[in-house]
Amino acid sequence: YLKLLVHFVGDVHQPMHVGRAEDRGGNNIRLQWFGQSTNLHRLWDSQLINSHGMSYIELALDLKPLSSQAVEEIQKQPLEKWVEESHSLANTIYEASPPSSNLGYEYRYRFLPLLKTQLQKGGLRLAALLNELFK
């Protein structure tokens with residue numbers, strides 16, 4: 001159950017998981033990532049972050065430090081807010097990622113900070129949820 005909880009909290013923070021049903025959250029949107037064939041969902045699930053070339057520890061250390069007040073604000077938001085945020089981001093991603101696009105450095109520069117923010121929020125919210133479950 002713990003693995004599923006961790007997985008689901010992560011999925012809610014990956015915007016394409018709350019993308020359009022008709023294209024299966026970007027799975028049916030074919031495009032190029034640095035000249036290689038892929039789809040929009042896979043790009044956001046793994047390729048964008050992997051192209052950054054950091055280990056998980058390096059990535060965690062590279063995240064923007066947050067004040068305790070900012071952490072508390074992120075952690076107290078309800079699940080509906082998480083989904084609304086990701087859905088809004090999904091719409092932005094769709095606009096910037098039309099089918100058959102050839103995406104690369106410019107796209108990574110634009111969206112990597114957003115992806116990192118989503119990872120950070122997901123981790124903080126998961127931590128709060130686990131603290132609440134295991135107090």
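Author: Let's start with a rule: two strands count as paired if DSSP finds at least two bridges between them. Keep in mind that this is a predicted model.

Reader: OK, what joins β1 to β2, and which way do they run?

Author: There are 4 bridges joining β1 to β2, and the two strands run antiparallel. The cut-off is at least two bridges, so β1 and β2 count as a pair. You can pick out partners, too: Leu31 has Thr38 in β2 as its bridge partner, and Gln32 stands opposite Ser37 in β2.

Reader: What do β1 and β2 form, and how many residues are between them?

Author: They form a hairpin, with 2 residues between the strands. Phe34 has a positive phi of about 50°, although Phe34 is not a glycine. Ser100 also has a positive phi, about 70°, and is not a glycine either. You'll find Ser100 in the loop between α5 (79-96) and β3.

Reader: Is Ser100 buried or exposed, and how do you know?

Author: Ser100 has 65% relative accessibility. Exposed means over 50%, so Ser100 counts as exposed.

Reader: Now the rings. What makes Trp33 and Tyr107 an aromatic pair, and why is the pair called edge-to-face?

Author: In general, you describe a pair of aromatic rings by the distance of the centres and the angle of the planes. For Trp33 and Tyr107, the centres are 6.1 Å apart and the planes are at 75°.

Reader: Are Trp33 and Tyr107 buried or exposed?

Author: Trp33 has a relative accessible area of 6%, and Tyr107 comes out at 6% as well. Under 20% means buried, so that's the word for Trp33 and Tyr107.

Reader: And what makes Phe34 and Tyr105 an edge-to-face pair?

Author: It's the numbers again: their ring centres are 4.7 Å apart and their planes are at 80°. That is within 6.5 Å and over 60 degrees, so the pair passes as edge-to-face. Phe34 lies in the loop between β1 and β2 (36-39) and Tyr105 in helix α6, so parts that are 71 residues apart in sequence get tied together.

Reader: How accessible are Phe34 and Tyr105?

Author: Phe34 has a relative accessible area of 34%. That falls between 20% and 50%, so Phe34 is partly exposed. Tyr105, at 62%, is over 50% and therefore exposed.

Reader: How many aromatic pairs are there in the whole structure?

Author: A search finds 5 of them. One aromatic cluster is made up of Trp33, Phe34, Trp44, Tyr105, Tyr107 and Phe111.

Reader: What makes you say that Arg20 sits over the ring of Tyr94?

Author: The charged end of Arg20 is 3.7 Å from the centre of that ring. The distance limit is 6 Å, so Arg20 meets that part of the rule.

Reader: How do you know where empty space is left?

Author: You roll a probe the size of a water molecule over the atoms, and that shows where empty space is left. Here the largest pocket holds about 640 Å³ of space. It is lined by 27 residues, and the closest to its centre are Gly10, Asp45, Ile49, Leu115 and Leu119. The elements giving two or more residues to this lining are α1 (2-13), α2 (40-50), α3 (56-62) and α6 (105-133). The lining divides into 13 nonpolar, 12 polar and 2 charged residues.

Reader: What about the second largest pocket?

Author: That one has about 160 Å³ of space. Its lining includes Asp62, Leu63, Ile74, Pro113 and Lys121. The largest share, 5 residues, comes from α6. Sorted by type, the lining has 4 nonpolar, 2 polar and 4 charged residues.

Methods:
Residues numbered from 1 in each chain as written. Predicted model: local features only at pLDDT ≥ 70, side-chain atom pairs only at ≥ 80, totals over all residues. Heavy atoms only, no water. 1 Å grid on protein atoms, 1.4 Å probe; cavity = no way out; pocket = protein on both sides within 12 Å on 5 of 7 lines; lining within 4 Å. Points joined across faces, edges and corners; volume = space filled by probe spheres on them. Nonpolar A, V, L, I, M, F, W, Y, C, P; charged D, E, K, R; others polar. Phe/Tyr/Trp six-rings, centres within 6.5 Å; stacked < 30°, edge-to-face > 60°. Buried < 20%, exposed > 50% of the residue type's maximum accessible area, 1.4 Å probe, protein only. Lys NZ or Arg CZ within 6 Å of the ring centre and 35° of its normal.
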